[in-house]
Each structure stands twice: as C-alpha cells, then as structure tokens.
Amino acid sequence: DYASSEKPEAAKLMLDGTERWQPIHIAARAGSVQCIRFLSARMDIVDVNATDRHGQTALMLAAVLNKIEVSMELLPRVDWSLKNGEGKTALDLAVEWHRLELAKALEKFIASVETDRSKKMAALMTLRPTNSLSILFQTQF
C-alpha cells in the first residue's frame, strides 16, 4: 500500500503510474541538472517534451516548482511553446505561480530565440527573387 509506504511522494507517483511521469519529469521535480543533461543527451530514446496526465512537460513542472537551473538547462532542448491541458505554457505557469525570476529568464530566452528566428527569416527574404515570373520564364525557356 503506497499510502503507508515510507517512499518519497515522487517515487510513489512514478511507481503507480497515475501521473504518467517519465524520467525527465522526475529529474525536473528533483531539481537534478545532471540527470536532465544525461537524459536530454539521449534524445533518441528520451522524449524531452513528454507530457504527464495533465499535459505538463518537464519544463512546466520545473517552472511551477521554481527549479531555475533545471528550467534553463531544458530550455534549449525542448519545445517551450507547448501548452498543458489548461492551455498554459511554462512561462504562463511561472507567472501564475509568481516565479518572477524564472519568468524573466524564460521571457529573455524566448525573446532571444524569436529575435534570432526573425533575423533568419529576414535574411531568407533578401535571398528570394522579387519577381517570381522572371524565374519561371528563365527555367522554361
């Protein structure tokens, strides 16, 4: 009986399977940056975007629990735009739970990625010919 067991709560949830936690969730909950690094290095067998029964990713769990180092380790490896069962992202959860330092770090990371993406798109647009018809005629004639 898990209720009378002396095992930690996270272990109980992992063992009974009701939360559908993956090892990445357990590492995030424990705040283990080393485990996160180990697991995320094995992306061939570890789904870093795996969700639990509430649709929470490891990043979302780390945000709620204010695990800043774990969150920063996960950010470049995961899809931070994913939403949980309530339609909230990790950033939304950090704000909701008043994890202000973490929320600022998430915002800064997301802004840098979006700025980089915008610069790449702008560079691609400058490479595109302005007149698609001229290419069509050049290839056909």
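This is a predicted model: local features need pLDDT of at least 70, side-chain atom pairs count only at pLDDT 80 or more; totals for chains, interfaces and linings use all residues.
A salt bridge here is a side-chain nitrogen of Lys or Arg within 4 Å of a carboxyl oxygen of Asp or Glu. E73 is buried at 13% relative accessible area, while R37 is partly exposed at 47%. R77 joins in too: R37, E73 and R77 are linked in a network of salt bridges.

The count comes to 6 salt bridges, among them these:

| Pair | Closest N and O atoms |
|---|---|
| R53 and E19 | 3.2 Å |
| E96 and K88 | 2.4 Å |

Now for E19, which lies in the loop between α1 (9–16) and α2 (23–30). Its salt-bridge partner is R53. R53 lies in the loop between α3 (33–40) and α4, so the pair ties together parts that are 34 residues apart in sequence. E19 is buried, with a relative accessible area of 12%, whereas R53 is partly exposed at 48%. The side chain of E19 also makes a polar contact of 3.4 Å with that of H54.

Then there's helix α7. Its 28 residues (100–127) should span 40 Å at 1.5 Å a residue, and the end C-alpha atoms are 41 Å apart, which agrees. L102, A103, A105, L106, F109 and I110 are its buried residues, and they pack against α4 (58–64), α5 (68–74) and α6 (90–96).

As for confidence, the average pLDDT is 83, and 78% of the residues score at least 70. Over residues 1–7, though, the pLDDT is below 50.

Conventions. Residues are numbered from 1 along each chain as its sequence is written. Side-chain values use heavy atoms; hydrogens and water are left out. Helices (H or I, at least four residues) and strands (E, at least two) are DSSP runs, numbered from the N terminus. Buried means under 20% relative accessible area, exposed over 50%, partly exposed in between (1.4 Å probe, protein chains only). A polar contact is a pair of N or O atoms within 3.5 Å; within protein, one must be able to donate a hydrogen and the other to accept it, and residues adjacent in sequence count only if both atoms are side-chain atoms. pLDDT is the predictor's confidence in each residue, from 0 to 100. Contact means heavy atoms within 4.5 Å. The expected span of a helix is 1.5 Å times one less than its number of residues.
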